[in-house]
Amino acid sequence: MAEQASAWVTLAHKIGASVLTAHVDDVDRASRFPRESIDALRAEKFLGLFIPKELGGGGASLADLTGVCHALGQYCASTGMVYAMHQIQIACMMRHYKGAEFFAGYLRECAKDELLIASATTELGPQGNTRMSSCALEYDGDEVKLEKNTPVISYGLEADGILVTSRRTVDSPPSDQAATLVKKSQYTLEKTMEWDTLGMRGTCSHGFMFRGKAHKSQVLATPFAEVSQQTMLPVAHTTWTSLWSGIAVDAVNRARAFVRAEARRQPGVTPPSALRLAETMNTLHLLRANVMDGIREYERVMDDSEALSGLGFAIRMNNLKVSTTQLTPQVVGQALAVCGIAGYKSNTKFSLGRHLRDAHGGALMVANDRILGTNSNLLLVYKDE
Ligand SMILES: Cc1cc2nc3c(=O)[nH]c(=O)nc-3n(C[C@H](O)[C@H](O)[C@H](O)COP(=O)(O)OP(=O)(O)OC[C@H]3O[C@@H](n4cnc5c(N)ncnc54)[C@H](O)[C@@H]3O)c2cc1C
């Protein structure tokens, strides 16, 4: 598709076509961390890409970041998801640390050493409701202690640090949350659930009992409600939808190759599958147009905290997530109809099983019904179009 490619995106495609492609099937089959892919990205300074230049990072734009996620999604969706999740945590820190010395230093360290940061928002109890916490920060002088029973932390065992949400204090209500960056040396993870799933198998998102201690300066002062609405959700929804639509693009590319191969077999005759391909391409264009529009919308208001806190923006970002996670499996399903048995088999160059399984993860990664439930409440009070 005709989106402008930055140098970052071009390099992401190069790494994708070589390293990610070489390991994707093994990562999926063994449900293992895509180490070679993340190492290759690290070697080219991709983990610090979104950190501002003054903190030693790449200073890339949201368009660059989402472009990279879109590229990675075309080769290995698990790698793309690990990458996106990391960047969401970086974005939350860099956009909300408000000059705090610890975070300025930590972001510099992330950029210099290409640290990988994970996220622990989901909790047993509140489950997928990331805006409620049951666990709480316990203060002891300058130290905070936190225990969190998490059903899922993607690449938890591989991370150098985890951004963990909780109640701000033991006396806070469940909605008064804070995000704390806890370094690997400061926490232990006791595995409670194995990650053996339909798709996104390489994210290694096991369940853990998280136990950590940190200095109080490692707690972001900005309320998590603000961090979530202005950064975590929009960065998540623009990076995730970019990588999910990358899955769809690769599925359609396989369908195109299939139809071309059919056409070569009978020159001068348009294969019957070409009609289905045209239909599939139509859905893909809808999907990509929606994703690009969502990215442009976030870019437009990124530095306008009033607009970012508005109902209209929240509804738009929620819709971006829901529609993309509905359209991505649809496109992959259509591509499968084009390729037929060659797509259904796991060992052909047209195989689409992994794409289909990975694509279905999106709808539950913050359940679509939960998001539509939020929008249905917002729409009761939102007056504009
Ligand atoms: C690949 C992958 C990686 C992930 N990585 C992480 C990670 O690194 N860190 C992390 O913290 N989490 C992570 N998650 C968890 C994720 O973000 C969701 O929070 C989690 O998948 C939700 O789990 P659930 O379906 O049990 O919970 P719920 O959201 O509680 O949903 C359970 C069911 O109840 C329904 N439901 C619940 N509430 C409502 C409502 N209000 N209205 C209508 N229906 C409702 C849902 O539709 C769903 O059918 C990951 C998930 C996936 C798939």
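Predicted model: local features only at pLDDT ≥ 70, side-chain atom pairs only at ≥ 80, totals over all residues.

User: Start with H2. Which residues are buried there?
Analyst: H2 covers residues 35-43. Ser37, Ile38, Ala40 and Leu41 are buried.

User: And where do they sit around the helix?
Analyst: On the same side of H2, because they cover an arc of only 160° around the axis.

User: What's on the face turned away?
Analyst: Asp39 and Ala43, which are exposed.

User: What does the buried side pack against?
Analyst: The buried residues of H2 pack against helix H1, residues 7-30, and against H4.

User: You mentioned H4. How do H3 and H4 cross?
Analyst: H3 is residues 62-73 and H4 is residues 77-96. Their axes come within 7 Å and cross at roughly 160°. An angle over 145 degrees counts as roughly antiparallel, so H3 and H4 are roughly antiparallel to each other.

User: Which residues make that contact?
Analyst: H3 gives Leu65, Cys69, Leu72 and Gly73. From H4 come Ala77, Thr79, Gly80, Tyr83, Ala84 and Gln87.

User: How many of those are nonpolar, polar or charged?
Analyst: The contact of H3 with H4 has six nonpolar residues and four polar ones. None is charged.

User: Switching to the sheet. What's the strand order?
Analyst: E1-E4-E5. It's an open sheet of three strands, with mixed pairing.

User: Which strands are at the edges?
Analyst: E1, residues 117-120, and E5. Each pairs on one side only. The twist averages 25° from one strand to the next.

User: What packs on the sheet?
Analyst: H4 does, touching E1, E4 and E5. The direction of H4 makes about 85° with that of E1.

User: Back to the strands. In which sense do E4 and E5 pair?
Analyst: Antiparallel, over seven bridges. E4 is residues 161-167.

User: Which residues stand opposite Ile162 and Thr165?
Analyst: Ile162 stands opposite Val182 in E5. Thr165 stands opposite Ala179, also in E5.

User: So E5 is an edge strand. Is it mostly covered or mostly open?
Analyst: Mostly covered. E5 spans residues 177-183, and six of its seven residues are buried.

Definitions and conventions:
Residues numbered from 1 in each chain as written. Buried ≥ 20, exposed ≤ 12 C-beta atoms within 10 Å, placed from the backbone. Helix = DSSP H or I, 4+ residues; strand = E, 2+ residues; numbered from the N terminus. Pairing = 2+ DSSP bridges. Axes fitted to C-alpha atoms, helices over the stretch in contact; angles between N-to-C directions. Parallel < 35°, antiparallel > 145°, perpendicular 65-115°, else oblique. Contact = placed C-beta atoms within 7 Å. Nonpolar A, V, L, I, M, F, W, Y, C, P; charged D, E, K, R; others polar. Arc of directions from axis to C-beta.
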